[in-house]
Amino acid sequence: MKNIVLTGFMATGKTTVGKKVATTMSFGFIDTDRLIEKMANMTVSQIFERHGEEFFRRLERAAVKKVARLKNFVIATGGGVVLNPSNIVQLRKNGVVICFVARPEIILRNIGENKDRPLLLSDNPEERIKQLLKKREPFYKFADSTIDVSDMTIDEVAVEVIKAYI
Ligand code: S3P
């Protein structure tokens, strides 16, 4: 069966929902950020700090190429995967791409004290989220479907993902 590919903005629950959907569907689960960390033997934050975003995007592209070959997997991707159209084209060949979005205040709440997202380290994270959301919105239309997860529980989102897939 085709993969279920979860993309969309940071801190919208791609990994948490992805693991749940994988269990329900008896699919495997993989997260591209974890794969990148294994490939580089560094955390995502360390990659950004030491080598910059462009280098991270190159590793991300390589990770996408790898996971796109899988079958019967839920693939949770980093939020920036959408920025490279080749990533989405490749993931859609053998997968249904579902994009999560949420209102800025929900994203801010979900991030809490977590400092693992280098792109959101800012004196004004809410403003940063708004800017990034605006910049990324045009890319979300390349997904097969989009879910606004703002007012949903994890379980509700998981149900919507499966509905979008079947
Ligand atoms: C990024 C999202 C992160 C991670 C990196 C860059 C982005 O993943 O890949 O920090 O550009 O949106 P999550 O979406 O899982 O937070």
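Trainee: How many bridges join strand 1 to strand 3?
Mentor: Three, and the two strands run parallel. Keep in mind that this is a predicted model. One place to look is Val5, which stands opposite Ile75 in strand 3.

Trainee: And how many join strand 2 to strand 3?
Mentor: Four bridges there, with strand 2 (residues 28–31) and strand 3 running parallel. Find Gly28 and you'll see Phe73 of strand 3 opposite.

Trainee: Okay, which way do the residues of strand 3 point?
Mentor: Phe73 and Ile75 point one way, while Val74 and Ala76 point the other way. In a regular strand, side chains alternate between the two faces of the sheet.

Trainee: Are those four buried or exposed?
Mentor: Buried, all of them.

Trainee: Switching to helix 3: how far apart are its end C-alpha atoms?
Mentor: Only 18 Å, although helix 3 covers residues 44–67 and has 24 residues. A straight helix would reach 34 Å at 1.5 Å a residue.

Trainee: Where does helix 3 bend?
Mentor: Go to His51, where helix 3 bends by about 120 degrees.

Trainee: Which residues of helix 3 are buried?
Mentor: Val44, Ile47, Phe56, Leu59, Glu60, Ala63, Val64 and Val67.

Trainee: New topic, the ligand. Which residues are around the ligand?
Mentor: Met10, Ala11, Lys14, Asp33, Val44, Gly78, Gly79, Gly80, Arg117, Pro118 and Leu119. Val44 also belongs to the buried residues of helix 3.

Trainee: How does that shell divide into nonpolar, polar and charged?
Mentor: Five residues of the shell are nonpolar, three are polar and three are charged.

Trainee: Last thing, the backbone. What is phi of Asn41?
Mentor: Near 55 degrees, a positive value in a residue other than glycine. You'll find Asn41 in the loop between helix 2 and helix 3.

Trainee: Why does Asn41 count as exposed?
Mentor: Because 8 other C-beta atoms lie within 10 Å of Asn41, and a residue is exposed at 12 or fewer.

Trainee: And what about Asn72, what is phi there?
Mentor: Asn72 has a positive phi of about 55 degrees, although Asn72 is not a glycine. Asn72 sits in the loop between helix 3 and strand 3. Asn72 counts as partly exposed because it has 13 C-beta neighbours inside 10 Å.

Notes:
Residues numbered from 1 in each chain as written. Predicted model: local features only at pLDDT ≥ 70, side-chain atom pairs only at ≥ 80, totals over all residues. Buried ≥ 20, exposed ≤ 12 C-beta atoms within 10 Å, placed from the backbone. Pairing = 2+ DSSP bridges. Expected span 1.5 Å × (residues − 1). Bend = angle between axes of the 7 residues up to and from the residue. Near = placed C-beta within 6 Å. Nonpolar A, V, L, I, M, F, W, Y, C, P; charged D, E, K, R; others polar.
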